[in-house]
Structures are given as C-alpha cells and as structure tokens.
Amino acid sequence: MSKHQAAAPAAAWLGEKVMRKILVIDDDKSICESLRLYLAEEGYEVGTALTGDEGLKRAETGAWDVVILDIFLSDVDGLDILRRLKAAVPDASVIMITAFHDMPTTVRAMKLGAVEYIHKPIEIDELDAAIQRVLKRKAEARGKDRGSIALTNRFQERGLVGKSRAMKEIFKTIGVVSQSKTTVLIEGESGTGKELIARAIHEHTDPARPFISINCSAIVETLLESELFGHEKGAFTGASYRKLGKFELANSGTLLLDEIGDMSLNMQVKLLRVMQEREFERVGGREKVRTDVRIIGATNKPLQERVAQGAFREDLYYRLNVIHIVVPPLRERPEDIPLLVDYLLGKLNRELQKKISRIQTRAVELLAACDWPGNIRQLENALRRAVVRNQGDLLTADGVEDAMQETVKSGAQSRSSAIKLLDEVEKEHILNALKFAGGNRGRVCELLGISRPTLQRKIRKYQIRL
Ligand SMILES: Nc1ncnc2c1ncn2[C@@H]1O[C@H](COP(=O)(O)OP(=O)(O)OP(=O)(O)O)[C@@H](O)[C@H]1O
Ligand SMILES: [Mg+2]
C-alpha cells in the first residue's frame with residue numbers, strides 16, 4: 001500500500017512518464033559536461049547548450065521539464081535569454097545559476113519568471129533540491145490541469161467488471177460453463193470476487209432456479225452435515241421437526257460451497273459420495289434423496305496445496321476441478337482499477353444516496369498505484385470512506401488519499417480485527433448449536449466437543465441470553 005505515496009508508479013502505469021528531460025545552458029564547457037554526467041546518472045535525459053542562442057533554439061524545440069540557465073553567458077546576458085525564453089515557451093521551468101553575492105540580479109531573474117536559483121559554485125545537494133521542487137510543482141500543476149474524469153454511473157446489481165486479459169478469460173469461461181451444469185472450482189485471494197463469479201455463473205445458467213451458498217469454514221462439522229443434508233424429526237435431541245438441507249434447497253439450481261478448502265476430511269468423504277452418487281440421506285433418515293445441483297467450490301487456499309498437505313482429498317479435488325477458475329489478485333491487474341472505480345462509485349452513490357459524477361484524474365492514479373492486499377473488497381471500502389465524507393459531486397484526490405491511508409491503517413490492525421472476527425464466529429457457532437439442540441446444553445457440549453464449564457464460560461463471555 002505504500003506505493004501510492006509516490007506519484008511515479010501511477011504516472012508510469014498510465015504510460016505517461018518515462019524520463020524527465022533537463023536542458024543545461026552554460027558557456028562553461030566543464031560545467032555543462034559535469035552536469036550532463038551527473039544528471040544522466042540520476043536518470044534524467046540531458047541536453048546541453050554552450051551559447052545563449054543555441055540554448056534558446058533547443059529550449060523552443062524540445063519539451064524540457066527543467067531548464068538550467070547560467071546568468072553569465074559570454075555572448076549575451078543570461079537575463080536576456082531568460083526573457084526571450086519565457087516569451088517563446090511561457091511554461092518553461094527555469095532554474096538560474098547565479099553568483100553568490102549577486103542578490104539584485106537574482107531578484108531580477110525571479111521577476112522575469114525563473115522558478116528557482118542556485119549559486120555558483122554549484123553544490124549538488126542544492127541543485128538536486130531545486131530540481132525536485134520544480135518537478136513536484138509541475139506534477140501538481142499537471143494534476144490540476146488534467147482535471148477529472150466523468151463517471152458513467154452504469155451500475156447494475158451483481159455486475160462483474162474488468163478488462164484485463166485475466167478477467168476477459170473469466171468472462172469467457174462463465175459463458176462456456178453456463179451451457180451445462182459442470183462443477184466449477186474457483187480459487188482466489190480474499191475479496192477477488194469469487195462469490196460474484198459463482199453468482200454470475202448461476203445467473204447465466206438458469207436464474208429462475210435457487211442459488212444457495214454455505215460457508216464451510218464457519219460451521220462445525222456436525223452442524224455442517226445437517227446444514228448440507230438436512231435432518232429428520234427426532235434425528236437427535238432437539239430435532240423437533242424435519243429440516244431440509246442446502247442440497248435440497250438448492251435442488252435444480254446452484255450450491256456454492258464457500259471456503260471448501262477448510263472442510264474437514266470427514267465431511268469431504270460425505271461430499272464426495274454425494275457427488276458420485278447424486279443422492280444422500282438426511283441426518284437420522286434412511287430415505288435416499290436424489291439431488292440435481294450444480295456445485296461450485298470456492299477457496300482462498302490453493303486446493304492443490306491442501307492436497308499436498310494431506311488436508312484435502314485428492315479424489316474430491318479431481319471431482320471438483322472440472323472447470324478451474326483462478327481469479328488473480330487486483331495488484332496483478334491494475335488496468336481493471338479505473339473500470340472498477342467507475343462501477344463501485346455508481347454502486348456507492350446508490351447505497352449512500354450521493355451524487356458523485358466526477359473523480360479527479362489524480363485520484364484514479366493513486367488508486368491504481370496501490371497494491372490492495374484485500375483486493376476489490378478493500379478498494380470498495382476505501383472508496384466508501386472517501387464518498388461518505390466527500391462534499392459535492394467531484395470526488396477529490398485529497399479525499400481519496402486520506403481514505404486510502406485510513407484503509408492501510410485498518411489493514412495494519414487486521415490482526416486484532418481477525419481475533420474479533422474469530423470471537424464472532426465462535427459466538428455464532430454456539431448460538432447455532434443451541435438453536436440446533438433446542439437449548440439442550442448437554443447436547444451442545446456434545447456437538448461442539450467442549451465441556452460444560454467451558455460452555456458456561458463462553459455463554460457468559462458472549463453474553464448469550466437463553
Ligand atoms: N470484478 C468485479 N466487479 C465488480 N465488483 C466486484 C468484482 N469483484 C469483486 N467485486 C466486489 O468485491 C466484493 C468482494 O467480492 P466477493 O465477495 O465475491 O469476494 P470473494 O473472493 O468471495 O472474497 P472472500 O474470499 O473474502 O469471501 C463484493 O462486494 C463484490 O461485489
Ligand atoms: Mg466469498
């Protein structure tokens with residue numbers, strides 16, 4: 001995330017800046033030569049001129065970012081060259097080289113439009129600092145000049161946008177798999193859009209059918225089993241009615257098994273069986289239930305690695321891996337960012353009842369230069385922060401920068417929020433188990449594999465009211 005502080009990556013990403021150009025006009029050959037060597041070493045493209053006239057000609061014909069001009073030229077007065085240069089190229093940024101004690105001439109040079117001055121003998125640090133100031137000012141001015149970009153506000157529910165090669169491939173794959181009910185495995189870091197892709201596959205296949213999603217990592221094994229397959233009345237204490245599982249609810253539609261990489265080996269066996277036989281029994285039942293669902297597995301842990309670690313069954317992996325979609329992280333496809341920003345601002349306008357219609361170009365550059373470890377979700381969060389506080393219909397670069405910085409900070413705190421999240425998951429588990437067991441604490445202990453005192457402690461800790 002630190003990259004966004006430097007302007008260079010954004011500019012380079014837009015293909016705008018490769019090398020800054022500096023012209024040195026000085027009749028002292030050795031100064032010209034040593035500046036040329038030094039500045040070239042620093043990564044600038046350097047031109048030199050030994051006379052005022054030659055300097056003028058070169059200044060008028062090349063697009064120089066900085067002109068360094070000696071005030072004492074032998075053929076003409078440097079101030080005269082400066083005057084003519086500013087008349088010919090009004091936005092030229094000129095650094096004057098002046099003599100140490102010649103204050104009046106320096107003042108005149110500044111009045112004539114020089115932007116900086118350095119003293120003879122030239123100190124490298126002084127020169128560097130002057131060049132940096134000039135370039136910075138120019139970049140800022142450019143940021144203002146290039147103004148802003150109009151938003152399309154073309155937001156549609158569950159849209160999936162992107163123009164990178166990787167995203168175009170994914171769009172193609174969605175089109176192909178929508179013609180059948182093939183199993184699909186989607187892998188990608190958190191926030192890359194796996195669920196959105198799963199939904200898109202479903203929408204393109206048969207939107208009238210159900211789409212059901214279940215997070216396999218957030219539910220303990222026993223509960224997951226009855227969540228997936230349902231249970232019969234009286235299957236266990238507290239099962240006072242028959243409950244349909246996700247497989248039945250998703251029948252003829254799509255079942256998304258989210259975070260499938262976290263599924264226990266035990267559950268993996270059961271899932272494999274259903275996938276092979278296309279039928280299952282509800283927990284506590286004997287009746288065979290036929291199932292016709294498209295299964296989509298999603299994971300942010302590369303499944304092949306899980307197989308290598310012995311945490312995921314190889315046979316199930318091959319069953320799932322019929323069509324494999326790998327969603328690359330956002331940092332590998334920065335060309336998607338402007339499009340995503342346009343799309344997400346449309347979404348946020350609607351969500352927050354705002355009317356943002358333009359965004360400063362500089363803001364898009366900043367956003368595109370960021371790494372986004374939390375991918376599109378994090379980009380959306382940063383934009384949300386910026387939009388909430390933005391006044392008027394132009395989203396400013398300053399506002400975006402502040403929001404990005406805060407998002408970085410909250411990213412640094414993600415360890416503590418991860419712990420908070422774990423607590424929430426645990427509380428959720430216990431609540432689910434209590435509901436599931438009809439409030440029977442003994443049964444809950446059994447389900448969760450914890451002792452009575454532990455359960456009591458957790459009930460107190462999470463202030464669960466029964
Ligand atoms: N290509 C995209 N176009 C538009 N919005 C997107 C895109 N990809 C992701 N999003 C949005 O980013 C957010 C995160 O996406 P999603 O929930 O699908 O990610 P995920 O990969 O399932 O993440 P996790 O692994 O954390 O569950 C959602 O709000 C989603 O709408
Ligand atoms: Mg998800």
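# Briefing: ligand shell, helix faces and loop residues

Glu187 is placed in strand 7 (residues 184-188), strands being DSSP runs of E with at least two residues and helices runs of H or I with at least four, both numbered from the N terminus. At 11% relative accessibility, Glu187 counts as buried; buried means under 20% relative accessible area, exposed over 50%, and partly exposed in between (1.4 Å probe, protein chains only). The model is predicted, so local features need pLDDT of at least 70 and side-chain atom pairs count only at pLDDT 80 or more, while totals for chains, interfaces and linings use all residues. Residues are numbered from 1 along each chain as its sequence is written, chains are lettered from A and ligands numbered from 1 in the order in which they are written, and side-chain values use heavy atoms, with hydrogens and water left out.

**Ligand 1**

- Around ligand 1 there are 20 residues, of which Val161, Ser190, Gly191, Lys194 and Arg377 come nearest; a residue is near a molecule or strand if one of its heavy atoms lies within 4 Å of it.
- By class, this shell has seven nonpolar, six polar and seven charged residues. Ala, Val, Leu, Ile, Met, Phe, Trp, Tyr, Cys and Pro count as nonpolar, Asp, Glu, Lys and Arg as charged, and the others, Gly among them, as polar.
- Ser190 places a polar side-chain atom 2.5 Å from an oxygen atom of ligand 1, and Arg377 places one 2.9 Å from an oxygen atom of the ligand. From Glu195, a polar backbone atom is 3.1 Å from an oxygen atom of ligand 1.
- A polar contact is a pair of N or O atoms within 3.5 Å; within protein, one must be able to donate a hydrogen and the other to accept it, and residues adjacent in sequence count only if both atoms are side-chain atoms.
- On its own, ligand 1 has 630 Å² of accessible area, and the protein covers 87% of this. Accessible areas come from the Shrake-Rupley method with a 1.4 Å probe; for residues, only the protein chains shown count as cover.
- Helix 8 (194-205), helix 14 (337-352) and helix 16 (375-389) are the elements that give two or more residues to the shell around ligand 1.

**Helices with a buried side**

- In helix 3 (residues 52-61), the buried residues are Gly52, Gly55, Leu56 and Ala59. Seen down the axis of helix 3, these residues fall within an arc of 100°, so they line one face of the helix; the arc is that of the directions from the helix axis to the C-beta atoms.
- Lys57 and Thr61 are exposed on the face of helix 3 turned away from its buried side.
- Helix 11 (residues 265-277) has 13 residues and reaches 18 Å from its first C-alpha to its last, close to the 18 Å expected at 1.5 Å a residue. The expected span is 1.5 Å times one less than the number of residues.
- Met267, Gln268, Leu271, Leu272, Val274 and Met275 are the buried residues of helix 11. They cover an arc of only 165° around the axis, which puts them on the same side of helix 11.
- Helix 20 (residues 452-461) buries Thr454, Leu455, Lys458 and Ile459. Viewed down the axis of helix 20, the buried residues fall within an arc of 135° and so line one face of the helix.
- Pro453 and Arg460 are exposed on the other side of helix 20.

**Loops and backbone geometry**

- Asp65 lies in the loop between helix 3 and strand 3 (66-70) and counts as buried at 12% relative accessibility. A polar atom of the Asp65 side chain is 2.6 Å from the backbone nitrogen of Lys21.
- Lys120 and Pro121 are joined by a cis peptide bond, with omega about -5°. Pro121 belongs to the loop between strand 5 (116-120) and helix 6 (124-145).
- Glu259, in the loop between strand 11 (254-258) and helix 11, has a positive phi near 50° in a residue other than glycine. Its relative accessible area is 16%, and Glu259 is buried.
- Arg278, in the loop between helix 11 and strand 12 (279-281), has a positive phi of about 60° although it is not a glycine. Arg278 is partly exposed, with a relative accessible area of 33%.
- Pro328 lies in the loop between strand 15 (323-327) and helix 14 and is buried, with a relative accessible area of 13%.
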